[in-house]
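Dear colleague,

I am passing on the structure that we spoke about, and it is shown just below.

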Amino acid sequence: MSMTLLNSITVFVLAVFIGIEIISKVPTMLHTPLMSGTNAIHGIVLVGAMLIAGSADSDLEKALAFVAVVFATINVVGGFLVTDRMLEMFKRKPSKPESE
Amino acid sequence: MTVLALSQTAINFTYLVAAVLLIVGIRRLSSPPTARSGNWIAAVGMGIAIFFTFLDEDITSYWLILVGMAIGTVIGAISARLVKMTAMPQMVALFNGVGGGAAALIAAAEFHRIAPAAGHLSGDSVGAMLFSALIGSISFSGSLVAFGKLQEVLPGRPITYTGQQIVNALLFVALLGLGVLAGSTEQGIWMVLLLLGALLFGVLLVLPIGGADMPVVISLLNAFTGLAAASAGFVLENTALIIGGTLVGASGTLLTVLMGRAMNRSIANVLFGAFGAAPAGGAAAAASTDGKSYREVTADDTAVMLAYAQRVVVVPGYGLAVAQAQHAVRELADLLEARGVDVKYAIHPVAGRMPGHMNVLLAEAQVPYPQLYDMDDINPEFPRTDVALVIGANDVTNPAARDNPESPLYGMPILNVDQAANVVILKRSMSPGFAGIDNDLFYEGNSAMLFGDAKSSVEKLVAAVKAA
């Protein structure tokens with residue numbers, strides 16, 4: 001096993017713990033926006049699509065990478081905007097928010 | 001024509017900044033007052049990662065990326081703007097699906113780039129590549145089926161046939177075999193077959209799941225896509241992808257469990273239970289409903305009941321959302337409050353089509369936040385409630401879930417609407433709810449049906465309360 005792989009695995013394992021830790025106490029009313037928000041975050045796959053698209057040499061790779069860029073961008077842009085639209089609804093509260 | 005290439009170290013440093021912003025973003029998304037800013041903080045983190053990736057020295061051609069991003073931005077922004085609040089769950093499913101598709105395509109392109117020189121596939125990355133292709137494809141096709149079910153392009157009811165689980169198990173084993181072949185022979189044909197097989201598996205996995213369970217499925221597929229993105233990160237040795245993808249994979253899995261718990265359903269049960277198909281006891285019970293009788297009530301009678309009540313609990317469901325009746329309901333509640341009636345809203349954890357969906361819809365109609373009660377807070381109130389007004393909610397009020405062990409709903413926590421002195425159910429017809437199960441509540445002695453479109457019924461109630 002290479003050092004790079006070991007580093008990657010280290011990052012992966014730590015990220016698993018963080019991912020679980022940061023949402024362990026979330027009220028039900030936020031489940032949908034949270035799902036939508038995390039949905040936007042896996043749009044980070046766009047970074048991978050860009051790296052492939054920018055270095056592809058064959059036509060097939062270019063085609064695959066191009067579709068990947070389009071898909072991932074839809075995921076990122078649509079995901080964040082839709083989440084914002086949902087959360088915008090929670091903004092108008094009469095006074096102070098109820099304690100959760 | 002590399003404009004300005006940053007060193008890999010510098011780029012990785014920007015990825016670290018991006019990762020911190022993503023983590024802070026998700027954390028803030030988990031609490032109501034900070035949620036909106038959390039979303040934007042995560043978006044900024046994402047923007048940083050994307051921007052600095054442009055400066056990666058590996059990227060030698062920009063036009064493919066720029067054109068692709070332009071197209072994706074237009075499609076994503078327009079669909080996010082135009083989608084109705086009621087159709088939000090299937091929109092999330094679509095966005096999730098394309099993310100999974102992107103991860104699978106990355107794996108396929110990378111396989112094609114490396115594989116021609118046989119023996120060059122490094123053992124370190126080949127596993128991740130195959131995993132990304134497999135999970136990404138499953139997430140893609142599964143999300144499309146989930147979209148189809150929620151959009152009612154496909155039947156919401158579970159689609160089952162005998163031996164289904166055996167077929168699925170065999171297909172899964174076959175996929176593992178294809179993965180081994182693709183990894184060991186490095187022949188493109190096996191990769192293509194793996195991708196196609198995984199797409200098929202995604203379809204077969206979601207088809208037998210009923211529409212009512214779709215939120216849990218979407219959440220699970222969301223976690224899948226996160227893991228697919230993370231494994232694409234292993235392939236490309238890219239920390240931003242690994243961190244971003246893993247965060248979603250982990251938090252998405254936990255969120256799926258939390259959602260399942262709110263519906264009293266285990267993930268295994270959701271995936272393999274074919275909930276709502278209910279050919280056995282449930283269907284027999286449904287067939288016998290012809291013999292049961294229900295009572296119909298007019299809007300005027302209901303209005304009088306409401307106007308002279310002390311305590312009214314409104315139970316909103318998806319039907320309210322579809323009819324866009326939330327504004328009319330708020331008007332009715334305002335009128336009643338002006339007459340001194342105590343009005344509360346009972347929000348079942350899965351009211352609407354997703355946990356939290358109903359809160360979003362009512363907030364859109366500017367229903368005061370403190371009037372919204374969770375299931376656990378409102379259930380003790382029902383015995384003291386004069387009128388429970390059920391508007392387009394169905395399965396979440398079915399007493400069979402509490403009382404009838406034969407019912408497919410049995411065990412799901414419900415709103416104890418039947419304990420109120422009077423129950424008025426606003427509904428278009430006697431047809432069963434999303435889970436395809438008849439509701440015993442309609443035949444209770446204290447229940448009465450007010451037929452019609454939710455919006456026009458509520459508007460009639462508003463007019464009648466004004467006159468009362």
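Domain bounds here come from an automatic or database domain assignment. For chain B that assignment gives domain 1 (1-82), domain 2 (87-272) and domain 3 (292-467), and the centres of domain 1 and domain 3 of chain B, taken over C-alpha atoms, are separated by 43 Å.

Please keep in mind that this is a predicted model, in which local features need pLDDT of at least 70 and side-chain atom pairs count only at pLDDT 80 or more, while totals for chains, interfaces and linings use all residues. Residues are numbered from 1 along each chain as its sequence is written, and chains are lettered from A and ligands numbered from 1 in the order in which they are written.

On confidence, the predictor gives the complex an ipTM of 0.90 and a pTM of 0.78. Chain B averages a pLDDT (the predictor's confidence in each residue, from 0 to 100) of 86, with 92% of the residues scoring at least 70. Over residues 276-290 of chain B, however, pLDDT stays under 50.

Two residues are in contact if their C-beta atoms, placed from the backbone, lie within 7 Å, and the contact between the chains takes 83 residues from chain A and 101 residues from chain B. Helices are DSSP runs (H or I, at least four residues) numbered from the N terminus, and H4(A) gives the largest share of the side of chain A that touches chain B, namely 28 residues.

Helix H3 of chain B (residues 63-82) has 20 residues and reaches 28 Å from its first C-alpha to its last, close to the 28 Å expected at 1.5 Å a residue, where the expected span is 1.5 Å times one less than the number of residues. A residue counts as buried if 20 or more other C-beta atoms lie within 10 Å of its own, as exposed if 12 or fewer do, and as partly exposed in between. The buried residues of H3(B) include B:Leu64, B:Gly68, B:Gly72 and B:Gly76. What covers the buried residues of H3(B) includes H3 and H4 of chain A, whereas the face turned away from the buried side carries the exposed residues B:Trp63, B:Arg81 and B:Leu82.

Finally, B:Leu247, placed in helix H9 (residues 239-262) of chain B, is buried, with 30 other C-beta atoms within 10 Å. Leaving aside residues up to four places away in sequence, B:Leu247 touches residues of both chains, among them A:Ala15, A:Ile18, B:Leu22 and B:Ile26.

With best wishes

Notes
Helices (H or I, at least four residues) and strands (E, at least two) are DSSP runs, numbered from the N terminus.
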